[in-house]
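Please take a moment with the sequence and the model below before reading on.

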Amino acid sequence: MVFSQLIANGLIAGSIYALVAVGFSLIYSTNRFMHFAHGNIVAVGAYGLWYGFTRLGLPFVVSVLFAVAVALVSGWGTYRFIYLPLKRRGASSSILLIAGLALMFFFENLILLIFGSSVKTLNYFPTVRGLTILGATVTPRQIGIVVISLFFLLVLWFVMRYTKMGITIRAVAGHAELARIGGVNAERIQELSFIVGSAIAGIAGVLVALEQNSTPFMGTALIIKGFTGAVVGGITSLPGAVLGSYLVGLVENFGAWFLPSGYKDAIAFGVLVLFLLLRPAGILGVTKGVRE
Amino acid sequence: MNTASKYLTGVVVALVVVWSGYTIYQQQLLPKQTVPAGPVKIGWIGPLSGGAASYGESIKRGVEMAAKEVNPGTVEIVYEDTKCEAADAVNAMTKLVTVDHVSAIVGEVCSGATLAAAPIANQNKVVMISPSSTSPKLSDAGAYIFRTIPSDTLQGSFGAQIVYDHGLRKLAVLYSNEEYGIGFNDVVTAKFKDLGGEVVANEAFGRDDVDMRTQITKIRDTKPDAIYIIVNNPDSAVAALKQLKELGLNAALFGSEGLKSPDVLKAGSAAEGLTVTSVSSGSSGFVDRHRAEYDGADPGPFAAQGYDAMRAINLTILGGARTGEEIEKALRTTSFDGASGHISFDEQGDVSGGYNVLTVKNGAYVPVN
């Protein structure tokens with residue numbers, strides 16, 4: 001019973017990490033820099049849902065669309081107004097990383113300024129005692145989170161695998177220079193991955209807002225876990241990012257069972273360090289191809 | 001370079017050396033702490049952002065109310081945001097002491113941050129009065145460290161006693177993994193065992209964590225009668241309450257004063273039945289004045305203690321104290337009826353005090369006798 005409960009806890013956490021990680025990986029693979037403000041775009045989505053639903057009084061479905069739209073526009077905005085101008089001035093990826101860190105603090109404090117620090121709960125689904133499934137207690141909402149998360153991950157995989165857009169994105173991710181020679185507008189694809197990645201972040205934000213209360217600083221915690229998942233899975237591989245995220249979710253929950261629970265985060269980062277030492281390319285990462 | 005200019009350079013260098021030596025010597029002659037005429041500068045450190053920001057904001061209001069009671073120009077308050085983090089508290093403290101030259105400080109809010117900043121206060125002879133840090137360690141933090149809230153040695157024992165008096169014998173503790181939670185957990189656990197009860201689990205979570213399912217799973221496995229939640233961050237408190245309910249725990253819920261906050265009630269039905277111990281939220285006179293001052297808002301957590309901390313400083317200044325040393329001496333004999341009860345500091349800078357017991361019923365805190 002404890003075993004299945006830990007699996008459930010790990011899957012719920014992993015589903016949210018996975019949505020954060022795929023967006024991060026998608027943006028990284030085409031743009032080749034760390035967009036650390038990606039977690040804050042998730043926070044923007046969560047606050048968007050809260051604001052739309054409780055303050056504007058929009059119907060729930062409309063609030064969800066509003067939240068995703070706000071996240072998409074914010075993420076796109078970071079690319080258009082911050083990263084792109086910097087890139088055009090020849091900024092290296094380490095400069096862009098620092099810009100990302102600055103954006104992280106910017107978004108945290110912007111949210112704090114607009115919404116204050118009081119607890120933001122949605123309570124759209126009442127807090128009820130969970131159902132017991134295979135010995136694990138989970139609420140219908142949590143099952144919903146795992147299912148919706150998996151659904152969008154599958155859609156993304158399908159798009160990346162079979163559509164022209166996906167193939168072009170992968171071409172740019174594989175070798176931006178070659179893709180450009182082959183007639184692909186690489187800059188356009190890089191922008192597109194920001195748009196798609198931020199929309200996924202918006203979906204993640206909606207799920208997080210439903211499951212937990214939103215805080216201005218939630219984005220940083222999420223990107224740390226999402227980033228760990230992405231690196232463990234192989235940072236340029238989207239299926240890898242998903243696998244890595246579930247692994248992080250499961251390991252931290254199982255680890256906290258055997259070790260004092262205060263070490264939960266330490267366990268997750270221990271896994272990150274182990275992977276960096278033993279398998280730097282991650283689970284599904286490739287060591288051939290582009291190198292920085 | 002000819003001889004004349006060499007000579008001239010030599011003279012200039014010698015003059016500079018002598019002059020700078022003289023100024024340094026003169027500065028050393030000056031008394032260490034000079035407070036110029038004009039307002040006495042008072043610092044405020046605490047979280048205005050981060051997970052504990054709501055405590056900081058409510059304390060700030062109490063301090064502002066007390067500051068308005070003295071003639072304009074008597075005191076000047078400099079506010080610094082620390083997010084309740086030790087490193088930020090040290091930076092803010094250093095800035096207040098070396099740049100603003102404050103004589104006294106109201107703060108820090110969180111015990112860990114207060115303990116980190118305390119050595120700087122002691123070294124520079126600047127008084128620090130915390131309105132909310134309850135860690136037992138604060139009692140021994142130095143001569144310049146005071147507080148207007150009783151130590152957790154009192155609250156933890158009191159809390160353990162309440163659980164025991166409810167007839168509950170198997171207790172699990174869920175606490176935040178920082179100075180406040182660790183100190184409180186130690187006291188509750190020791191006291192409950194002394195009483196003859198059994199403590200079946202002590203589970204920690206990170207201070208801003210909102211996912212505690214595994215900790216709760218571990219607690220559930222030990223089948224406790226009661227769960228004591230110790231946290232000073234409403235976000236974590238709400239998450240813990242919801243997840244306890246969702247994971248189907250049937251234990252009685254108890255909480256430290258950190259769970260006495262309007263924000264915690266946002267957990268809705270998950271907060272029902274929660275029993276909290278709480279320091280005074282203010283005399284009725286204070287509540288009325290707070291409402292008049294802030295558009296009908298009730299005082300938040302520790303607003304009364306913040307008011308009392310500032311009021312204590314005011315009284316020493318009105319008595320003629322200006323420097324940190326003078327304020328420290330005057331505080332030893334200061335005694336008044338404050339918003340949170342009678343304030344007088346013992347040798348360790350602590351106040352005594354009682355606790356209210358409240359239970360959440362229909363989404364509101366109801367006093368229990």
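Helix α10 of chain B, which covers residues 303-318, has 16 residues and reaches 22 Å from its first C-alpha to its last, close to the 22 Å expected at 1.5 Å a residue. As this is a predicted model, that span, like every other value here, is computed from the predicted atoms. Helix α10(B) is mostly covered, for 13 of its 16 residues are buried, and it is followed by G320(B), whose phi is positive, near 105°.

The strands of chain B can be followed next. Strands of a sheet pair through backbone hydrogen bonds, either parallel or antiparallel. In chain B, seven strands form an open sheet with mixed pairing, in the order β7-β6-β8-β9-β10-β13-β14. At the edges of this sheet stand β7 (198-205) and β14 (364-368) of chain B, each with a single partner strand, so one side of each is left without a neighbour in the sheet. From one strand to the next, the twist averages 25°.

Within this sheet, strand β10 (residues 275-278) of chain B and strand β13 (residues 356-361) of chain B run antiparallel and are joined by four bridges; V276(B), for instance, has L358(B) in β13(B) as its bridge partner. Helix α5 of chain B, residues 152-165, lies across β6 (170-176), β8 (226-230), β9 (252-255), β10 and β13 of chain B, and runs at about 150° to β10(B). Helix α6 of chain B, residues 179-195, also packs on the sheet, where it touches β6, β7 and β8 of chain B, and its direction makes about 170° with that of β6(B).

Chain B also holds an open sheet of five strands, in which the pairing is parallel and the order is β2-β1-β3-β4-β5. Its edge strands are β2 (75-81) and β5 (145-147) of chain B, each of which pairs on one side only, and the twist averages 25° from one strand to the next. Strand β4 of chain B, residues 127-130, runs parallel to β5(B) and is joined to it by three bridges, and the bridge partner of I129(B) in β5(B) is F146(B). Helix α4 of chain B, residues 111-123, packs on this sheet and touches β1 (40-46), β4 and β5 of chain B, while its direction makes about 155° with that of β4(B).

Taken as a whole, chain B has eleven helices and 14 strands, and its C-alpha trace spans about 95 × 50 × 40 Å along its principal axes. Of the 369 residues of chain B, 56% count as buried, and the accessible surface of chain B comes to about 14800 Å², of which 54% belongs to carbon and sulfur atoms.

What does the secondary structure of chain A come to? It comes to eleven helices and two strands, and from the N terminus on the elements of chain A run α-α-α-α-β-β-α-α-α-α-α-α-α. The radius of gyration of chain A is 19 Å, close to the 19 Å that the globule rule gives for 292 residues, so chain A is as compact as a globular protein of that length. Along its principal axes, the C-alpha trace of chain A spans about 60 × 45 × 35 Å, and buried residues make up 56% of its 292 residues. The accessible surface of chain A comes to about 12500 Å², with 73% of it belonging to carbon and sulfur atoms.

Key. Residues numbered from 1 in each chain as written. Chains lettered and ligands numbered in written order. Predicted model: local features only at pLDDT ≥ 70, side-chain atom pairs only at ≥ 80, totals over all residues. Heavy atoms only, no water. Pairing = 2+ DSSP bridges. Axes fitted to C-alpha atoms, helices over the stretch in contact; angles between N-to-C directions. Contact = heavy atoms within 4.5 Å. Rg over C-alpha atoms; globule rule 2.2 N^0.38 Å. Buried < 20%, exposed > 50% of the residue type's maximum accessible area, 1.4 Å probe, protein only. Areas by Shrake-Rupley, 256 points an atom, 1.4 Å probe, with all protein chains shown as cover. Expected span 1.5 Å × (residues − 1).
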